[in-house]
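This briefing is meant to be read beside the sequence and the structure.

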Amino acid sequence: MKKILFVFALLFISESVVSQTTLDYFLKEGVTYNEDIPTPKDVLGAELGEWHVRHDQLVQYMHAVAEASDRITITEYARSYENRQLLSLVITSTENHSKIDEIRENHVKLTDPSVSSDLDISEMPVVVQLGYSVHGNEPSGSNASLAVVYHLAAAEGRDVEELLSKVVVLVDPGMNPDGINRFAHWANTHKSKNVLVTDPGSREYSEVWPGGRTNHYWFDLNRDWLLAQHPESKGRIAWFHEWKPNILTDHHEMGSNSTFFFQPGIPSRTNPLTPQRNQDLTANIAEYHADELDKIQSLYYSKESFDDFYYGKGSTYPDVQGAIGILFEQASSRGHAQETVHGVLEFPFTIRNQVTASHSTLKAAYDLREELLEHQRLFYQEAMNEAERASIKAYVFGESADQARTYHLAEMINRHDIQVYELGSNISADGENFEAGKAYIVPTNQPQYKLITAIFERRTEFTDSLFYDVSAWTMPYAFNLPFAELGFREFNNNVLGDRFNGEMKSNGMVVGNRSSYAYAFEWDEYYSPRALYRLQSAGVRTKVASLPFSSVTQEGQKNFDYGTILIPLGVQDDQNKVHELVQTIAQEDGIKVYAISSGLSTSGIDLGSNNFEILEKPSVAILGGDGTSSYEVGEAWHLFDQRYHMPLSIIDTDDLGGADLSRYNVLVMANGWYNLSEGETNSIKSWVRNGGVLIAYKSAINWTRQQELADIEYKDRIESDEEEGPRPYVKQSMDSGARFIGGTIFNAKIDLTHPLGYGFNDDEITVFRNSTTFIEKGENRYSTPVYYTDDPLAAGYISDDNLETIKGSAAIVVSRYGGGRVITMTDNPNFRAFWYGTNKLFANAVFFGQTISGSTAN
């Protein structure tokens with residue numbers, strides 16, 4: 001195998017005067033182009049790289065070139081939150097287009113072991129998907145797509161004709177439309193037209209918060225391939241499985257003082273479920289990248305950073321599905337031309353490297369076509385063989401009392417071309433009981449066996465202690481759902497019900513006739529917060545039960561748990577409206593509401609008891625802006641807007657001094673380092689003292705402790721005995737990195753009687769953590785509603801020292817400050833929108849924080 005070497009050459013020019021780079025700079029030498037195909041300048045009015053292309057311009061050009069070329073078809077596969085088109089281009093020879101459906105259907109059969117052995121791959125086209133700029137402020141990718149598509153549409157001659165006869169190219173020109181547009185606006189707004197400002201300290205190279213990397217709600221879409229929580233990802237995953245590409249490229253940018261990276265990544269950090277053949281093929285393809293980058297004298301490297309462990313990224317998602325994912329990372333100009341250690345890095349240069357890597361990928365696909373197709377066929381055949389030998393024959397999961405959360409996990413798994421079934425009969429396994437029609441089952445004996453294993457496994461042993469992203473993502477843990485592995489004995493045909501059809505099963509109904517006294521519903525369902533806020537917004541007066549009670553309903557005697565919501569009719573201004581809203585929350589929010597005819601309980605508290613706490617409609621603000629994590633602010637915003645249908649005011653920290661905090665009764669401080677003035681700090685203190693609820697998590701709890709708002713103490717890290725004496729210099733990065741918690745799942749205990757525990761039905765909960773903040777349990781014995789167990793590791797990596805330290809430490813501590821409450825959480829309860837299981841902790845803090853007794857807080 002050819003050894004990939006660094007090539008040292010002149011990399012950049014240092015002119016600051018604006019110079020025109022023509023399209024020839026990006027195109028292959030010696031190739032003629034069809035003049036009937038429009039160039040980017042023909043459509044957009046500027047040379048490629050002269051300006052950062054806006055997303056609407058990207059769409060405009062792609063439609064124009066598709067209209068002019070019989071090599072291209074174009075479709076819309078999704079719309080972003082801001083209603084921008086996400087496009088899929090299919091580029092191949094005209095002959096292939098004439099039978100494109102047949103080609104696709106035959107190609108997909110390679111992933112079906114029951115028929116793949118009979119397929120002749122000698123003439124079968126290979127499928128390559130080129131994906132550009134999933135991070136909006138990494139624009140060289142989306143701008144490169146213009147040159148790549150133009151070349152494939154307009155190039156003439158035997159080389160391109162041969163290529164397109166054997167390769168079907170799928171192009172996703174802009175994977176993050178909202179972020180691309182946000183960043184293009186920033187870069188173009190700050191560009192000097194006559195003399196480019198190359199000073200890295202200039203405003204052009206420092207985006208304001210939240211930046212253009214993320215989508216509308218500030219999510220990193222390159223972490224969402226497996227999670228599929230956003231419309232961009234949902235559409236992209238559907239397109240992926242429609243075609244099952246052999247290679248998928250993922251074009252990114254990195255620090256301006258870097259060069260160019262292509263995979264393989266660090267070998268020891270490859271997920272064990274990825275076959276070695278995948279890595280061998282990736283290395284073979286890398287030689288093509290090296291050859292082409294050598295020709296244009298670009299510096300590059302491979303195998304030294306990044307990894308292939310987390311399957312939720314664009315460059316690793318294909319690896320567990322018989323394909324090759326390839327990450328490209330280009331040093332970023334962050335604008336139009338920026339000084340770096342290599343000289344002035346100009347935007348056109350960054351685009352050219354991405355164009356070059358795109359073409360080297362296509363050349364490799366053409367040359368290695370049969371090897372890639374055979375790898376795909378063997379991957380699924382081998383997966384089925386492993387499934388047949390495996391002791392685990394199915395996974396079952398579900399929570400009868402929360403059909404929404406159960407559904408959303410089934411929905412997510414189903415998106416990945418995995419067969420999911422309703423549970424056909426009641427079953428008990430691993431100490432859990434699962435109810436027919438209320439749970440789902442995933443058989444392992446299917447082609448996606450490897451991906452199914454990745455979704456459900458609880459891995460705790462690793463060959464490496466460093467991770468580029470999370471080390472665990474066990475999905476039932478994320479949804480806090482009971483689940484079990486079924487073996488030969490438990491798994492039979494009786495447990496398989498109907499195939500999952502994408503429709504949500506609902507517990508929603510109103511039990512009983514139109515009530516004349518009260519309605520009540522428990523807090524179990526995921527969308528209970530949406531239902532409660534719907535009622536409160538309409539002026540309905542509500543209470544929450546701090547103790548259990550029993551009442552007679554049409555279904556008989558019903559035992560109501562802690563956190564039951566009571567709607568007493570006698571205190572309402574408009575009872576007819578209440579009756580209508582009760583029907584609405586049953587139908588639209590999946591809530592089972594009970595009509596209660598008497599205030600006298602058969603056991604427990606009566607409905608007029610003071611142990612029913614009056615609820616105030618939450619008016620919530622969150623601090624954002626410089627110093628705060630846009631990811632975590634965005635996660636809270638997304639939860640409120642998309643799921644709970646609640647408004648969330650985002651107050652920039654720079655504007656806090658002029659904010660009227662009296663408008664709010666809940667204030668959230670997400671992860672961040674807060675540098676607030678004395679006046680701003682005193683304003684928050686006064687607001688809490690007067691009855692406000694302050695929710696702070698992750699590093700934000702440092703600020704609450706420093707300001708003596710939260711009565712918490714840090715837990716000293718337990719240090720294990722280490723080797724004495726000096727360590728090799730080269731080991732420093734690895735040693736320090738191993739002490740971080742990059743993303744691990746832990747077991748915790750939750751107090752089901754505490755307002756923050758309302759709606760949970762098991763005192764064991766799994767939480768996600770990616771920080772090393774450890775706090776002691778509160779001195780007040782009732783102030784720690786959630787804490788880590790003495791056997792805390794559920795899945796993922798943690799060092800021995802951190803494992804000892806986290807045992808028995810607090811996850812949530814509630815403090816009293818005057819008439820208000822300060823709720824401190826060590827972990828983010830809304831992680832990446834897929835951690836459904838702890839969203840309720842956050843919702844409980846918002847809705848019920850006001851009800852927490854001062855005598856139970858620190």
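A search of the whole structure, which is a predicted model, finds 37 salt bridges. Side chains of opposite charge can pair when their charged atoms come close.

**Salt bridges**

- Lys-558 and Glu-522 form a salt bridge in which the closest N and O atoms are 3.0 Å apart. Because Lys-558 lies in strand E23 (residues 556-560) while Glu-522 lies in the loop between strand E20 (518-521) and helix H15 (528-537), the pair ties together parts that are 36 residues apart in sequence. Both partners, Lys-558 and Glu-522, are buried.
- Arg-534 forms a salt bridge with Asp-589, and the closest N and O atoms of this pair are 3.0 Å apart. Arg-534 belongs to helix H15 and Asp-589 to helix H16 (residues 575-589), so this pair ties together parts that are 55 residues apart in sequence. Arg-534 is partly exposed, with a relative accessible area of 24%, whereas Asp-589 is buried, with a relative accessible area of 3%.
- Glu-47 forms a salt bridge with Lys-41, with the closest N and O atoms 3.5 Å apart. Glu-47 counts as buried because its relative accessibility of 13% is under the 20% cut-off, while Lys-41, at 43% relative accessibility, counts as partly exposed.
- Glu-138, Arg-213, Asp-220, Arg-223, Asp-469 and Arg-832 are linked in a network of salt bridges.

**A patch of negative charge**

- On the surface, Glu-35, Asp-36, Glu-156, Asp-159, Glu-161 and Glu-162 gather in a patch of negative charge.
- Helix H6 (residues 158-166) supplies the largest share of this negative patch, namely three residues.
- Glu-162, one of the residues of the patch, is found in helix H6. Glu-162 is partly exposed, with a relative accessible area of 33%, and this value is over the 30% that a residue needs in order to be counted in a patch.

- Helix H22 (residues 836-848) has 13 residues and reaches 19 Å from its first C-alpha to its last, which is close to the 18 Å expected at 1.5 Å a residue. Since 13 of the 13 residues of H22 are buried, helix H22 is likewise largely enclosed by the rest of the structure.

- Ala-472 lies in the loop between helix H13 (449-456) and helix H14 (475-478), and at 6% relative accessibility Ala-472 counts as buried.
- Although Ala-472 and Tyr-310 are 162 residues apart in sequence, their C-alpha atoms are 7.9 Å apart in space.

**Cis peptide bonds**

- The peptide bond from Trp-209 to Pro-210 is cis, with omega near 5°, and Pro-210 lies in the loop between helix H7 (177-189) and helix H8 (231-243).
- The peptide bond from Gln-263 to Pro-264 is also cis, with omega near 25°, and Pro-264 is found in the loop between strand E8 (260-262) and helix H9 (276-295).

- Arg-334, a residue other than glycine, has a positive phi near 55°. Arg-334 is found in the loop between strand E9 (324-331) and strand E10 (337-340), where it is partly exposed, with a relative accessible area of 23%.
- Glu-708 has a positive phi of about 60° although it is not a glycine. Glu-708 lies in the loop between helix H19 (700-706) and helix H20 (732-737), and with a relative accessible area of 64% Glu-708 is exposed.

Notes. Residues numbered from 1 in each chain as written. Predicted model: local features only at pLDDT ≥ 70, side-chain atom pairs only at ≥ 80, totals over all residues. Heavy atoms only, no water. Patch = residues over 30% accessible without salt bridge, like charges linked within 9 Å, V, L, I, M, F, W, Y side chains within 5 Å. Areas by Shrake-Rupley, 256 points an atom, 1.4 Å probe, with all protein chains shown as cover. Salt bridge = Lys/Arg side-chain N within 4 Å of Asp/Glu carboxyl O. Lys, Arg positive; Asp, Glu negative; His and termini not counted. Charge placed at Lys NZ, Arg CZ, Asp CG, Glu CD. Helix = DSSP H or I, 4+ residues; strand = E, 2+ residues; numbered from the N terminus. Buried < 20%, exposed > 50% of the residue type's maximum accessible area, 1.4 Å probe, protein only. Expected span 1.5 Å × (residues − 1).
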